[in-house]
Amino acid sequence: MNLFVSCDNFERDFQDERFLSEEHFTEINNSGGTTGIVALDGASLSYFRDGEDGEIEFGIKSIDLGMDLRSNDMDMSRSTWYGAYHRYDNTVLTSGNNDFMWEFFYKAINNANQVISLISDEAPEELLVYKSKSYAYRAISYFYLIRIYQHTRADDSTPAIPIDFGDFVGESKATVGEVKKLIFDDLTAAYEGLKNYTRATKEEVDANVVAAYLARYHLTYENWSEAEKYADIAMKAGSISADVAHGFDELSLSEAIWGAVVTPNTSEVYQSFFSHISQINDGYSGWNHFKTANSNLVDALPASDLRHSWFADQEYPPGVVIVPGTWPHYNRTPKYTSLKFIAQPGPGQFIGDYIYLRNTEFILTKAEALARQNKTAEAQKTLFDLNSVRDSNYTLSTNTGQALIDEILFYRRIELWGDGVASFDMARLGLGLNRKDGRVNLVQPGADLVIPPLDTKMIYEIPQREVDANPNIN
C-alpha cells in the first residue's frame, strides 16, 4: 500500500512531491539527520493537497467542497460530480465518496503515526518540531472524522469511530469522548511544541495554524472562553483586505493562514478545487455544472457589501467579462453563481493555490465566542472590525443577546461560503437541512430535501470496506 504522496529526491521541496511508497520509508528512516523526516512531513502535506486518484478525491479541499454542498447555503445546478453529496445519496456504507473520505483521513493518520513513532520525546528540538506537526495532522484528521461519522452533539459515551494506534489491528469504535480527548491532547501537544517555531512558508503548520484548529474545536464543543483565546491568536496570523475580488487563489493573500501552493507540476488540472468551483475557469463548474449560493442568503446581504461580488448579480450571457481581469467565458452564468473562487490566469488552467484557513473565520469565531459569554461590546467591536472593511456603510451593531449571535452567524455564512465550514456549523448549532425555504437559485434534483438535524442521513455510515476488514467494528 502507498502510504505517502512522494518524492524521488529527499531534498526536493514538498510542493513538488507526488508518490512515496512504503519502501521509501525504510530508506528515509536510515538516511540520518532530519532529511528523511522532512521528506515524510512534506509527503503528509502533499497528501492533504492531492489526496487520491479520482475526479473529486483531491484532498482536503475536495472534502470541504463536498461538505459545503450538504449545507443550506450551496447548491448545484445539475447532477454531476459532487451530486451525491448534494443529494445526500452518499452517506451509505457502499458509497465511493464515503470510502474515499474514510481512506483519506485514516491514511493521513497513519502517516502521522509513522512520524510520531520515529521520533522519541528526547530527540533534538529540530526533530521534535516534526513530531509536533504530526500531532497536528492526526488531530485535524480525527476532527473531520468525528464530525462526519457521528452527530456533533452526540453524548461523549456514544460509540463513534476507531482510533488507529499505528499497528493496523482492527479496533472497535472508540467513544465520542475518547476521540475528542485524543484531538484535544494532540492539538495541545502540537501547539506547545510549535510555540517557538518559525515556519518558512504558509504551507507549513505552525502554532498559529494549530491555534486555528483549537479555536474550531472549542467553538464546536462550546468551550467559549477557550474558543475566544485561540481565535484571537489565529486571527492575528493574517490581516483583512478590502480586495475581495482576487479569486482566493494565492496563498500569499494577507488573509491566508495555511494552505498549499499549486504549481504547473502539481496541478491536477480538472481534478481540482477550482475546476469544480470556478464558473469562469474552463472546468467542470464552467461546463454548466454551476455552484450557486442560496438566494435568501445573498439577498439578505446589504447592497453596499463588497461580498456581493462573490455571486453573480444577474444572469450573464456567454462572452461577458464578469470579473475584471478574467476572460469572457463561453457559457452563460446564472444569477447567484459563485464568482468567489477563480484560478488565474484563465481558461483551462488550474494553478490556483489552496487556502485551508483564513483569518476572517477566526474574527467571526472570536465574535461569536464573546457574544455567547455576554461580552456584548467586545463582540460588537470584533464584528465591526471585519464588516467595516467589507462594507463601508456598516455601522457598529446595536444587537444584543441572541440577536447579536444571529447576526454573527449570518455573516459567518456569507464570509465563509465555500470554505468548508457551513455544514459543520449546522451540525454544531443543531440545524437540519431545509431546501424548501423559498430559494430561487438553480438547484439540481434534491431541491425539495428537508432533513432534521439528528436524522441518520446527517452523518455517514462506516464504509463497507472497513466493515468487511475489521471484525471489531460494532
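What should the 15 residues of helix H13 (residues 376–390) span at 1.5 Å a residue, and how far apart are its end C-alpha atoms?

Reply: This is a predicted model, in which local features need pLDDT of at least 70 and side-chain atom pairs count only at pLDDT 80 or more, while totals for chains, interfaces and linings use all residues. Residues are numbered from 1 along each chain as its sequence is written, and side-chain values use heavy atoms, with hydrogens and water left out.

At 1.5 Å a residue the 15 residues of H13 should span 21 Å, and because its end C-alpha atoms are 21 Å apart, the two values agree. The expected span is 1.5 Å times one less than the number of residues, and the helices (H or I, at least four residues) and strands (E, at least two) are DSSP runs numbered from the N terminus.

The buried residues of H13 are Ala379, Gln380, Thr382, Leu383, Leu386, Asn387 and Arg390, where buried means under 20% relative accessible area, exposed means over 50%, and partly exposed lies in between (1.4 Å probe, protein chains only). An α-helix has 3.6 residues a turn, so residues three or four places apart point the same way. The cover over the buried residues of H13 includes strand E6 (354–358), helix H12 (359–372) and helix H14 (401–415).

Following H12 comes asparagine 374, which has a positive phi near 60°. Most residues other than glycine have a negative phi, and most peptide bonds are trans.

Glutamate 222, in the loop between helix H8 (207–220) and helix H9 (224–235), has a phi near 60°, positive in a residue other than glycine, and because its relative accessibility is 42% it counts as partly exposed. Phenylalanine 248, in the loop between H9 and strand E4 (256–260), is not a glycine either and has a positive phi of about 50°, but at 4% relative accessibility it counts as buried.

Lysine 180, in helix H7 (residues 176–194), counts as buried at 14% relative accessibility, and, leaving aside its neighbours within four places in sequence, it is in contact with Asp156, Tyr217 and Tyr221. Serine 77, in the loop between strand E1 (74–76) and helix H4 (83–87), is buried with a relative accessible area of 16%. Not counting residues up to four places away in sequence, serine 77 touches Asn288, His289, Phe290, Leu442, Val443 and Gln444.

Stepping back to the protein chain, its secondary structure comes to 16 helices and eight strands. Its radius of gyration, 21 Å, is close to the 23 Å that the globule rule gives for 474 residues, so the chain is as compact as a globular protein of that length; the radius is taken over C-alpha atoms, and the rule is 2.2 Å times the number of residues to the power 0.38. Buried residues make up 61% of the 474 residues.

In soluble globular proteins, nonpolar side chains tend to be buried together. In the largest nonpolar core, which has 113 residues, Tyr142, Ile148, Ile161 and Trp258 touch the most other members, and helix H6 (residues 125–148) supplies the largest share, 12 residues. A nonpolar core is a set of buried Ala, Val, Leu, Ile, Met, Phe, Trp, Tyr and Cys residues joined through side-chain atoms within 4.5 Å.

Terms used
Contact means heavy atoms within 4.5 Å.
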